[in-house]
Amino acid sequence: MTSIDKGVDTGRTVRVGGRQIYFNEAGSGSAVVLLHGGGPGASGLSNYSRNIEALAQRFHVIVPDMPGYGQSSKWIDPADPFGDLARAVGGLLDELGVASAHLIGNSYGGAAALRLAMDRPEKVNRLILMGPGGVGTTRALPTAGLQQLLNYYTGGGPSREKLTRFIREYLVFDGDAVPEELIEARYQASLDPAVVANPPLRRPSGPLALRTLLRMDFTRDSRLHKVEQPTLVVWGTGDKVNRPEGGRMLVDAMPNCDLYLAANTGHWVQWERADLFNTLATAFLEA
């Protein structure tokens with residue numbers, strides 16, 4: 001096992017619909033699913049390398065690679081990506097015989113978690129969302145960080161320079177804190193030919209692009225007000241990918257939503273402020 005696999009059972013793959021979903025597990029107790037973000041080369045283990053061991057002391061932690069990433073199948077529905085990711089997560093829980101689970105989601109994974117709570121509320125107990133996607137995205141121009149993400153596979157295609165700039169300048173508050181080996185591992189993963197041919201995170205296009213964009217903004221979905229699960233939103237005040245103002249939008253829309261703003265933190269709260277996040281998450285899920 002590598003260092004990020006410490007305390008994690010050997011991964012396995014299950015078939016969910018027409019796709020293969022790879023995941024790892026650790027610990028025992030109430031089920032907690034960790035859903036990673038959508039940046040190039042992301043995966044479950046790499047995104048939650050500083051959280052799995054701490055959470056597994058209290059919970060049965062399930063860490064999937066979402067469709068389009070890691071060792072899972074690489075196709076997602078471009079017409080409704082958040083809905084497709086939610087179906088994959090819900091289907092994974094069904095295949096594992098997990099009636100319901102707590103969901104922790106960062107960015108893209110936060111959007112998938114929130115969409116599952118809207119589509120299949122019976123599958124979701126509590127929600128922790130870190131800088132989630134899909135919050136007010138049609139009400140302002142994309143941030144500089146999100147544009148960097150969307151441009152990674154366009155133009156000259158993927159490059160280590162592009163990924164290094166995104167991680168050090170846009171993903172985290174302190175770019176120097178990110179080790180070179182993390183960047184290299186994500187860069188190599190981003191070169192998977194299946195991902196290059198079909199990037200999972202892209203700008204909607206074609207005649208139904210507007211419909212897709214509206215589907216991807218939860219503030220335009222009336223069901224957001226009906227998400228009654230206790231929810232903790234954690235947002236870095238220095239987030240350059242998804243605007244921290246989205247936290248207030250969720251608090252105003254959701255009936256049982258708490259908001260924690262982390263100072264001097266970017267888009268990757270669970271990595272940048274791991275001790276703080278692990279403490280908050282454990283306390284919230286055990287409340």
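Reader: Does Gly 41 count as buried or exposed?
Author: In this predicted model, Gly 41 has a relative accessibility of 13%, and because buried means under 20%, Gly 41 counts as buried.

Reader: Where is Gly 41 found?
Author: Gly 41 sits in the loop that runs between β3 (31–35) and α1 (44–47).

Reader: And which residues does Gly 41 touch?
Author: Leaving aside residues up to four places away in sequence, Gly 41 touches Ser 46, Arg 186, Ala 189 and Ser 190.

Reader: How many residues along the chain separate Gly 41 and Asp 192?
Author: They are 151 residues apart along the chain, and their C-alpha atoms are separated by 8.7 Å.

Reader: Let us turn to α10. Which of its residues are buried?
Author: In α10, which spans residues 245–253, the buried residues are Gly 246, Gly 247, Leu 250 and Ala 253. Down the helix axis these buried residues of α10 lie within an arc of 135°, so they too form a lining along one face.

Reader: Which residues are exposed on the other side of α10?
Author: Glu 245 and Asp 252 are exposed there.

Reader: A new topic: what is the phi of Ser 107?
Author: Ser 107 has a positive phi of about 55°, although Ser 107 is not a glycine. In general, most residues other than glycine have a negative phi. Ser 107 lies in the loop between β5 (101–106) and α4, and with 9% relative accessibility Ser 107 counts as buried.

Reader: What about the phi of Asn 264?
Author: Asn 264 is not a glycine either, and its phi is positive, near 50°. The loop between β8 and α11 holds Asn 264. At 54% relative accessibility, Asn 264 counts as exposed.

Reader: Next, where is Asn 278, and what does it touch?
Author: Asn 278 belongs to helix α12, residues 274–286. Apart from residues up to four places away in sequence, Asn 278 touches Arg 50, Asn 51 and Ala 54. Its relative accessibility is 9%, so Asn 278 counts as buried.

Reader: Finally, the whole chain. How many helices and strands are there?
Author: The protein chain has 12 helices and eight strands. Its radius of gyration is 17 Å, close to the 19 Å that the globule rule gives for 287 residues, so the chain is as compact as a globular protein of that length.

Reader: What share of the residues counts as buried?
Author: Of the 287 residues, 55% count as buried.

Reader: And how many positive and negative side chains are there?
Author: The chain has 29 positive and 30 negative side chains, and the centres of the two sets lie 5 Å apart.

Notes:
Residues are numbered from 1 along each chain as its sequence is written. This is a predicted model: local features need pLDDT of at least 70, side-chain atom pairs count only at pLDDT 80 or more; totals for chains, interfaces and linings use all residues. Side-chain values use heavy atoms; hydrogens and water are left out. Buried means under 20% relative accessible area, exposed over 50%, partly exposed in between (1.4 Å probe, protein chains only). Helices (H or I, at least four residues) and strands (E, at least two) are DSSP runs, numbered from the N terminus. The arc is that of the directions from the helix axis to the C-beta atoms. Contact means heavy atoms within 4.5 Å. The radius of gyration is taken over C-alpha atoms; the globule rule is 2.2 Å times the number of residues to the power 0.38. Lys and Arg count as positive and Asp and Glu as negative; His and the chain ends are not counted. The place of a charge is taken as NZ of Lys, CZ of Arg, CG of Asp or CD of Glu.
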